[in-house]
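I opened the file and kept notes on what I looked up. The entries follow in the order in which I made them.

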Amino acid sequence: MFKVNPLRKRQFWGALIGILIGGGLFSFLSLDSSEQYVSLGPMNSGHDGLSCVSCHADANGNLSQQLQSNLEHTLGMRKNSVDFGTKDVTAQNCLGCHDRPNDRHPTYRFSEPRFKQATQTINTTTCITCHAEHTDKRVTINPVDYCMNCHQDLEVEDDPVDVTHMALVAQEQWSTCIQCHDFHGNHTYTVPEKLQDTIPLKTIQVYLDGGEDPFGTNKKYRGLSEPEWIKTLQKK
Amino acid sequence: MKSLEKKPLLTVTVLILSYLLLNACGGVPEETATNGKDEENVFSVAEVLEMVSKENDVTRTLYTKAIVGKGKLQGMKFDEDWRKDDVEAGPLPALFLRGVATSIQKGPVPLGLYLGSDFPINNANKFEGKQAELFEEIKATQEPKFFYDESQELHTAMFADLASAQACVTCHNEHPQTAKADWKLGDVMGATTWQYPKDSLTYKGTIEVLNAYAKGTVDIYMAYLDEIEAFKNSEKPIIGTKWPAEGNYLPTPEVFLDSVRKISSHETMKALVAGK
């Protein structure tokens with residue numbers, strides 16, 4: 001029925017073994033239990049239990065449809081290309097669990113034209129600028145001097161701090177900001193009035209790297225767990 | 001390759017079969033954003049942003065005068081830290097607008113709304129660049145300004161934000177962080193900036209923009225009522241059909257929105273009918 005040319009035997013077996021190994025690997029890596037092997041790296045702090053699909057949702061259509069649509073787009077027969085395999089992960093994915101009404105620096109605010117210059121230096125319109133995923137950390141931006149991009153003109157009336165905010169700005173002590181203020185403002189804690197009482201930078205760095213939270217555990221809002229997030233989808 | 005050259009028929013057949021197989025399922029349908037594909041665009045983005053901006057003027061004035069202004073006379077508190085657990089207060093008008101903007105941002109309508117000034121309480125809200133230039137003109141004429149933000153590919157409009165109530169003037173003049181303490185009624189205190197990605201909208205798309213704004217109003221007002229519910233030390237106003245002018249009362253979100261619609265509906269309806 002199916003005859004292999006004796007001169008092509010090596011290619012035949014090579015191709016067959018390749019297809020079998022490829023198929024086997026594809027099947028194995030498609031299993032839920034194999035997600036750790038597909039992941040680009042360990043999940044960030046607090047994301048340990050998440051499955052891939054919570055961020056990487058399947059793209060619209062099946063693979064054949066996606067291939068066809070992108071081929072048509074390449075040939076100019078279609079206006080837009082489509083996501084292939086999985087949808088692009090955007091800040092909206094993050095906000096599905098982390099959106100909070102008390103966010104001091106919500107990403108959408110930085111879309112306003114007046115932040116154009118600042119966002120060219122540090123793109124705060126998206127979460128991954130500071131929270132790149134698959135790094136086993138909490139915050140990936142370094143050094144922690146990002147406040148300087150917007151708060152150069154900071155003045156505080158009746159400044160309660162022993163070294164004033166204006167003096168700290170003048171001395172370009174930008175890393176001191178985070179020693180008192182968490183960027184998103186979700187922690188409820190008493191801000192110190194003496195510089196020596198602030199959280200040491202080393203402790204902050206441990207926190208940013210995924211360690212203990214020096215601002216305390218008293219938070220007004222908490223990020224949703226995967227089951228809680230799924231419930232919000234079911235309500236929609 | 002040589003063997004394929006010898007079999008042109010096979011090559012063509014494989015190509016045709018591949019094409020058919022690839023097209024067997026049809027492509028992924030093109031997305032048509034929020035507007036219907038066959039519906040005609042009847043409003044320019046400037047017209048729509050003017051409509052929604054007028055609704056915003058009415059809403060903010062009502063909130064500032066009837067809720068904040070009259071509410072303060074009844075002993076109600078309004079604070080910039082109103083979200084904090086240890087603060088039992090409602091949102092100040094600027095934060096009310098911020099709340100509306102946040103709600104819009106969460107929804108499917110790609111409308112951006114921001115508030116800024118040349119003398120803001122919070123320096124982070126100070127206009128810079130193009131907005132600062134246009135704001136100088138707005139202050140002089142009180143006329144809106146429109147431009148296309150090429151870097152973000154967004155149609156942008158700025159509208160004067162006036163000191164429409166004594167509460168605006170008093171609060172800003174007396175605020176410890178104020179950069180200007182001689183505001184007067186009627187002054188251009190700032191400007192709202194609105195952004196939308198398309199240059200024109202269908203009737204349906206326009207209604208969606210207006211509804212997104214109205215929903216934002218209800219969302220932030222409900223958040224305020226939720227905060228009141230959690231008050232431990234302050235007297236809670238009675239929520240119903242009455243307003244603070246009548247005593248320690250607050251209207252329900254429905255009553256509040258109804259009042260906004262009663263005031264603004266004539267203007268908005270005129271614009272909508274004119275475009276149809």
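Predicted model: local features only at pLDDT ≥ 70, side-chain atom pairs only at ≥ 80, totals over all residues.

**Chain A, fold and extent**

I began with contacts in chain A between residues at least 6 apart in sequence, and found that 61% of them join residues at least 24 apart. Residues are numbered from 1 along each chain as its sequence is written, and chains are lettered from A and ligands numbered from 1 in the order in which they are written.

I looked up the secondary structure of chain A and got 8 helices and 0 strands. Helices (H or I, at least four residues) and strands (E, at least two) are DSSP runs, numbered from the N terminus. The pattern along the sequence of chain A reads α-α-α-α-α-α-α-α.

For extent, I found that chain A has a radius of gyration of 25 Å, whereas a compact globule of 236 residues would have one near 18 Å. The radius is taken over C-alpha atoms, and the globule rule is 2.2 Å times the number of residues to the power 0.38. Along the principal axes, the C-alpha atoms of chain A fill a box of roughly 90 × 40 × 40 Å. Buried residues make up 9% of the 236 residues in chain A. Buried stands for 20 or more other C-beta atoms within 10 Å of a residue's own, exposed for 12 or fewer, and partly exposed for counts in between, with C-beta atoms placed from the backbone.

I checked Phe26(A), which sits in helix α1 (residues 9-30) of chain A. Phe26(A) counts as exposed because it has 9 C-beta neighbours inside 10 Å. From Phe26(A) to Ser45(A) I read 29 Å, C-alpha to C-alpha, for 19 residues of sequence.

His134(A) counts as partly exposed, because 13 C-beta neighbours lie inside 10 Å. Pro143(A) is also in the loop between α5 (116-121) and α6 (165-170). A cis peptide bond, with omega about 0 degrees, joins Asn142(A) and Pro143(A). I logged these items because most residues other than glycine have a negative phi, and most peptide bonds are trans.

**Chain B**

I counted 8 helices and 10 strands in chain B. Chain B is more spread out than a compact globule, because its radius of gyration is 25 Å, well over the 19 Å that the globule rule gives for 276 residues. Its C-alpha atoms fill a box of roughly 95 × 40 × 40 Å along the principal axes. Of the 276 residues, 33% count as buried.

Gln142(B) is in the loop between α5 (129-141) and β5 (145-149) of chain B. Its phi is positive, about 60 degrees, although Gln142(B) is not a glycine. Gln142(B) counts as exposed, because 12 C-beta neighbours lie inside 10 Å.

**Interface**

I found 32 residues of chain A in contact with 32 residues of chain B. On the chain A side, helix α3 (residues 63-74) gives the most, with 8 residues.

Methods. Contact = placed C-beta atoms within 7 Å.
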